Amino acid sequence: MGATVTTANTTGNTWGGGNEPMGASYGKMMMWFFIVSDALTFSGFLAAYGFSRFKFIDTWPIADEVFTHFPFLHGVDAPMYYVALMTFILIFSSVTMVLAVDAGHQMKQKKVAFYMLLTIVGGLIFVGSQAWEWKNFIKGEFGAVETKGGSILQFIDKDGKRVKLADFAATLHEDRTQHKASNGVWFESEPALPTYSVAEVQAGFKAHPDLLIRTEAIYRGTDAEKKDAKLHPELNKVKHKTVLTRAESEAMLANGALVVEGANLQHNEYGSKLFADFFFFITGFHGFHVFSGVIINIIIFLNVLLGTYEKRRSYEMVEKVGLYWHFVDLVWVFVFTFFYLV
Amino acid sequence: MAHDNHAHESHTKKIWIVFGILSIVTIVEVYLGIIKPAALVMNDLLGMNLLNWIFIILTLYKAYKITWAFMHMDGEKASLRWAVVGTTVFLVLYLIFILLVEGNYVYEVFRDSTIKWNF
């Protein structure tokens with residue numbers, strides 16, 4: 001017990017052991033310094049995200065247009081509501097965690113166990129929500145065409161509303177099967193083919209004269225942009241993606257090289273490729289922290305049930321995992337701001 | 001430390017108050033993020049629009065509340081507070097300064113030079 005909980009009863013005897021630098025027990029202080037190093041790791045990721053975003057500030061995707069799904073509301077444009085809900089779930093699980101710590105100070109075993117259980121449930125709901133968010137992000141909704149230069153072209157109708165590839169792409173009889181190791185040379189294969197080929201999208205675009213193309217560039221409303229004959233005269237709004245005229249749209253689409261549906265680490269239909277990379281990496285790393293937090297919470301929860309801390313006469317372990325759990329919540333507050341709000 | 005060896009009084013009320021504050025701040029953030037008031041989006045302060053400044057300040061406020069109330073930083077000694085928060089804040093500010101200035105520089109190179117990428 002002396003190893004896990006130190007009590008400052010040896011004051012005056014500096015080298016006699018049981019000393020507490022900064023007035024915190026060994027375990028708690030080390031948890032704090034682990035949190036410092038982990039916070040710096042996350043800051044490194046978020047600062048790298050900031051670097052790439054500043055580098056491509058004129059073409060960075062607008063988060064409201066990317067994360068628009070809410071469970072059971074199909075086709076309803078609901079930007080941010082779901083991620084706000086996720087934030088609430090995580091903050092609430094932080095509250096139940098701190099209530100467990102509080103109950104631990106008063107040595108109330110049953111209360112600690114109950115609040116720990118709620119925290120675990122909250123963490124699992126959060127991880128599940130993140131999985132759902134990833135699923136939508138990977139699947140995509142509208143589809144887009146990537147040009148030879150690597151920029152993304154999205155399709156809108158004459159009112160500026162997004163149009164899905166499925167709604168206009170023509171069906172040409174040019175089907176080609178996916179090259180798998182089983183049906184070609186055995187040492188080569190290719191990833192799944194998109195639903196439509198570039199030629200089908202181009203033919204469909206030609207057949208629908210109302211359609212226009214929206215590029216990645218953000219319209220700033222400068223004089224040069226207002227005079228630019230390539231940009232659509234009415235549909236462009238300041239701080240929104242630039243819309244091209246019909247003639248320019250056709251010229252641009254002729255450069256199409258690839259049909260992109262959804263997102264992966266190489267291509268994504270939302271715009272800048274780095275956006276998806278950072279999204280997967282940062283929310284993935286955070287989700288991994290939440291997951292390991294849940295596992296650690298379960299271990300501590302079982303220990304509470306077994307009465308380990310009751311025998312120790314101290315619930316400091318609950319406090320230590322509590323620190324980790326709050327840190328995970330803290331990181332999410334920043335991820336939420338920099339991915340979804342700013 | 002706020003929690004020494006003597007008997008502990010419950011902080012439950014304080015915890016719920018902090019939860020209320022965090023919820024209200026989050027609701028305000030989401031509300032602003034959805035309506036995006038033009039007066040805030042179109043006006044810049046030091047190279048960033050006012051809405052983003054509000055988001056970042058509210059985020060820092062939430063982080064402060066979580067660290068001080070939930071992680072009991074308010075009960076720790078000043079030396080631990082400085083060792084943990086001081087170190088992190090200093091290094092993060094330094095990192096952000098370097099990377100964002102550099103990112104903006106690369107952006108200007110792309111914008112002003114003859115590199116053509118949007119084709």
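This is a predicted model: local features need pLDDT of at least 70, side-chain atom pairs count only at pLDDT 80 or more; totals for chains, interfaces and linings use all residues.
Local features need pLDDT of at least 70 and side-chain atom pairs count only at pLDDT 80 or more, while totals for chains, interfaces and linings use all residues. Residues are numbered from 1 along each chain as its sequence is written, and chains are lettered from A and ligands numbered from 1 in the order in which they are written.

View 1. Helices (H or I, at least four residues) and strands (E, at least two) are DSSP runs, numbered from the N terminus.

**View 2. Fold of chain B.** Chain B has four helices and two strands, in the sequence pattern α-α-β-β-α-α. Of its 119 residues, 18% are buried (20 or more other C-beta atoms within 10 Å of the residue's own, with C-beta atoms placed from the backbone).

**View 3. Side of chain B that touches chain A.** In this interface, 48 residues of chain B contact 47 residues of chain A (C-beta atoms, placed from the backbone, within 7 Å). Helix 1 (12-35), helix 3 (50-70) and helix 4 (78-112) of chain B each supply at least two residues of this side. Helix 4 gives the largest share, 17 residues. By class, this side has 26 nonpolar (Ala, Val, Leu, Ile, Met, Phe, Trp, Tyr, Cys and Pro), five charged (Asp, Glu, Lys and Arg) and 17 polar residues (the others, Gly among them).

Methods: Two residues are in contact if their C-beta atoms, placed from the backbone, lie within 7 Å. A residue is buried if 20 or more other C-beta atoms lie within 10 Å of its own, exposed if 12 or fewer, and partly exposed in between; C-beta atoms are placed from the backbone.
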